[in-house]
Amino acid sequence: MEKFDIAIIGAGILGTTISYWISTLYDLNVCVIEKENDVAQHTSSRNTGVVHSPFYLDPKKRKTSAVSSLVSHDLWEIFAKKKSLPWFEVGTIQVAADEQQHKTLEKYMKWSVKNGIPEKQVELLDSKDLLKKESNLHAYSGLYCSRDVSTDYGIFTKELQKESEKNGTKFLFNKEVIDTNDNSEVKLTFTDDSVVTAKFLINCSGGNSLDIAKKCNLAKKYDDLHFRGEYWICDQSYADLVKTNIYTVARFSEFPFLDPHWIKRSNGTTEIGPNAVPVATPETYEGYVGDLNATVSKIREIFEGNVKHLLTNSSFLSMLSKEFFSSVSKTAMVNRVQKFIPKIKPEYFTKHGTAGIRTPVISSKGEFVKDILELVGKNSFHIVNYNSPGATGAPAYSAYIVKKLQDKGFLDYSQKPKESFWNFEEITSLF
Ligand SMILES: Cc1cc2nc3c(=O)[nH]c(=O)nc-3n(C[C@H](O)[C@H](O)[C@H](O)COP(=O)(O)OP(=O)(O)OC[C@H]3O[C@@H](n4cnc5c(N)ncnc54)[C@H](O)[C@@H]3O)c2cc1C
């Protein structure tokens with residue numbers, strides 16, 4: 001039975017960046033456990049690929065995410081340039097459809113300053129300015145953020161894995177954790193009946209994080225839901241109708257979803273999406289049901305757990321029906337984007353993009369939990385509800401988590417710092 005000082009579950013962007021930081025600071029026996037045969041096979045490669053600037057994040061209620069995404073922009077840029085990775089400075093315009101949504105953009109301008117975005121990188125544009133900037137973009141107004149970038153987070157994760165491995169981290173692939181605990185020696189059992197033990201567990205298992213936390217007797221009062229985000233790829237001849245990423249102001253601010261955006265990807269393609277279609281598991285990339293047992297258990301959880309409160313929320317039900325319709329009908333999805341890019345037509349979109357699944361957590365009051373949930377066990381730490389802009393914020397947020405583990409005495413080992421792309425002390429002092 002292999003023994004480790006630290007076991008991290010999940011080789012997505014979060015687990016891999018945390019392993020990188022630990023490997024640059026200590027000489028410890030660390031493993032990253034992953035059920036797939038490579039890193040970033042799920043959300044970390046199945047997203048919009050935008051390095052977000054936090055103008056839309058409430059500086060008080062979402063402070064950690066805002067600081068993480070502001071600081072990480074420069075960290076990713078350093079990493080991308082050193083390793084010649086995709087870094088496409090495309091910019092984002094968030095559009096308002098009417099005066100009421102424009103007020104939200106005015107609020108975002110204030111949040112942008114509070115969150116530390118340099119003033120010259122954000123500006124409010126009226127409908128005429130918008131047309132000057134993008135002749136096919138029709139909206140009441142827009143907030144233009146020149147700082148936003150498109151990249152490929154799957155490639156970033158792969159490169160960080162190599163760096164972490166060079167420093168001694170062991171990646172254990174094809175190992176699915178089916179059971180664990182929070183004892184003085186944490187025991188992790190896999191589907192093939194093999195076992196490893198660790199002195200400390202860090203749970204970064206994305207769409208399964210809540211389930212793993214519950215195995216350690218934590219987070220009992222929370223439930224989660226899985227929403228698939230689907231994309232359509234624009235045929236290349238129409239891809240330059242608009243050259244900037246276009247997002248919209250959320251219609252339902254209580255839910256963590258926006259209307260589908262117009263996305264310029266770092267590989268040169270243009271897509272629309274994602275919508276938010278409820279599915280049974282964090283990996284139901286096609287169809288609606290997936291594994292039958294998982295579906296039955298999810299349906300039971302919905303009717304017996306926190307989600308039942310949402311079933312009486314008319315805004316939620318109205319949002320769901322719209323999202324579902326845009327999954328079964330391409331035209332319905334395109335119509336949503338046509339509201340701000342009237343020239344596009346359903347026939348311009350002939351191929352599906354790569355779908356990804358968000359797993360928001362629902363509180364006992366039936367509300368979507370707004371920010372990341374960090375749960376502390378006796379010998380374990382769990383990161384749950386790590387949703388957008390999670391990929392953007394990963395390097396700074398991971399440093400913040402490692403600092404937190406140090407402060408709580410979970411990393412009470414002598415440090416042996418190695419050369420790193422980023423400065424740990426400098427970053428953690430910014431939170
Ligand atoms: C549609 C969509 C669009 C998004 N767009 C953006 C964007 O533009 N910009 C941005 O910053 N963020 C975006 N995000 C959010 C971002 O992608 C996520 O916050 C981030 O990738 C989460 O990383 P993670 O490492 O926590 O999860 P994951 O990448 O899902 O990694 C978790 C890993 O744990 C493994 N695992 C799970 N259970 C087990 C188990 N029992 N045993 C072993 N391994 C296990 C999984 O196989 C997986 O590899 C988007 C998300 C979605 C879904």
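Let me begin at the ligand: of the 40 residues around it, Gly10, Gly12, Gly206, Gly229 and Gly390 come nearest, where a residue counts as near if its C-beta atom, placed from the backbone, lies within 6 Å of the molecule. The elements that give two or more residues to this shell are helix 1, strand 20 (356-358) and helix 11 (390-407); helices (H or I, at least four residues) and strands (E, at least two) are DSSP runs, numbered from the N terminus.

Please keep in mind that this is a predicted model, in which local features need pLDDT of at least 70 and side-chain atom pairs count only at pLDDT 80 or more, while totals for chains, interfaces and linings use all residues. Residues are numbered from 1 along each chain as its sequence is written.

Now to one residue of helix 1, which covers residues 13-25, namely Thr16. Thr16 counts as buried because it has 29 C-beta neighbours inside 10 Å, the cut-offs being 20 or more other C-beta atoms within 10 Å for buried, 12 or fewer for exposed, and partly exposed in between, with C-beta atoms placed from the backbone. Leaving aside residues up to four places away in sequence, Thr16 touches Ala11, Val32, Val39, Thr157, Leu160, Gln161 and Ser164, contact meaning that the two C-beta atoms, placed from the backbone, lie within 7 Å. Thr16 and Glu163, although 147 residues apart in sequence, are 9.8 Å apart in space, C-alpha to C-alpha.

Finally, the whole protein: it has twelve helices and 23 strands, its C-alpha trace spans about 65 × 50 × 40 Å along the principal axes, and 48% of its 431 residues count as buried.
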